[in-house]
Amino acid sequence: MTPRTWLTTLAAASLFPLLAHAAPEQQLPSEEGQLTISTLADGLRNPWALAFLPDGKGMLVTERPGNLRIVSPEGKVGPPLAGVPQVWSEGQGGLLDVALSPDFAKDRTVYLSYAEAGQDGKAGTAVGRGQLSLDQARLEHFAVIFRQQPKLSEGNHFGSRLVFDRDGYLFIALGENNQRATAQDLDKLQGKIVRLLPDGEVPKDNPFVGRDNVRPEIWSFGHRNQQGAALNPWTGKLWTHEHGPRGGDEINIPEPGKNYGWPIATHGIDYSLQPIPEAKGKHVDGMVDPHHVWEKSPGISGMAFYASPVFKAWDHNLFIGALAGQELIRLQLEGDKVVHEERLLGELKARIRDVRVGPDGYLYVLTDAKDGALLRVGLKEG
């Protein structure tokens, strides 16, 4: 993605049409002013991710059971698109993230991550791409470009988020399928961030290219279950976050070839309240400490940097959804440093699965439920 793309995204605020809301606007207090919350759409089945189509043509929204839908700017939920791959919809598996090609205006390419069945009843994360038809009714020529190998999940820890950087490389943030030790195994793709070319080929400058018994796709390793990733618009660097076990949710700024610790270094304990068997402490030499950590897990999912001029009080803030905490987390940044945290939307008592900044400068939030909703969140400053 080029710097010009960021400017285009900001300029699009003036092109995105005003939204009509079926439900009355709700207001909730926050440190920076009154939040305004509108339900743009509801009746979504465990929505997982969204991506904005250009020119005000609405949003692509994934539903974990396997549907990809378009939600119009006015909140009309369209029928499931044809051409979406069959997904393994068990446990935490299903249709997961969605991202547009950096050249979507020319190639109309949509990328999807999803849980894919294996031969032995287990599953792993896959990523594929197809072209959105001109009538927006289907994905055409869908093809898989990446498969997590081996397939080890019995229903847990698929990740996964998709992010293109400014140079057009595709990053895929993966879970370790609840198989802890695999996050340290460089011959496996569990618990890794991988970096690919848009067609799925491996870049020649990936950190482990040419090493025996090491997957060349790997960018970084030692991750647990990554359900948030975004490109920092001011530095161009990838940020990710991951679930800890019982405690120890963390944010990382992954660097090539680095080890982020799981399960050897962790701030969490097992769900049984016992120590993680492999753990040697919160800090282990040779492993990178978290950039930011929560000792008590909010259950984080989704991530969005706020770089719009619309709500100035949110400038240089990072927004993250919380599933267990049922909140939207606002992190105030000074450079890369987190200097303040605020919890928002707790009054709604909703599991927040994803958050994105719209071209109109509002936050768009997906709630994780069988009757999930797409919320539009603004701010009355002052």
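Predicted model: local features only at pLDDT ≥ 70, side-chain atom pairs only at ≥ 80, totals over all residues.
View 1. Strands β18 and β19 (residues 317–322) run antiparallel and are joined by 6 bridges; strands are DSSP runs of E, at least two residues long, numbered from the N terminus, and two strands pair if DSSP finds at least two bridges between them. In β18 (residues 300–306), 7 of the 7 residues are buried, so the strand is largely enclosed by the rest of the structure (buried: under 20% relative accessible area; exposed: over 50%; partly exposed: in between; 1.4 Å probe, protein chains only).

**View 2. The open sheet β18-β19-β20-β21.** The 4 strands pair antiparallel in this order, with β18 and β21 (337–344) as edge strands, each pairing on one side only. Between β20 (residues 327–334) and β21 there are 7 bridges, and Q332 stands opposite H340 in β21.

**View 3. The salt bridge between R161 and D97.** The N to O distance is 3.4 Å (salt bridge: a side-chain nitrogen of Lys or Arg within 4 Å of a carboxyl oxygen of Asp or Glu). R161 lies in β10 (residues 159–164) and D97 in β6 (residues 95–100), so the pair ties together parts 64 residues apart in sequence. R161 is buried at 2% relative accessibility, as is D97 at 1%.

**View 4. The salt bridge between D368 and R353.** The closest N and O atoms are 3.2 Å apart. D368 lies in the loop between β23 (363–367) and β24 (372–381), and R353 in β22 (residues 352–357).

Residues are numbered from 1 along each chain as its sequence is written. Local features need pLDDT of at least 70, side-chain atom pairs count only at pLDDT 80 or more, and totals for chains, interfaces and linings use all residues, while side-chain values use heavy atoms, without hydrogens and water.
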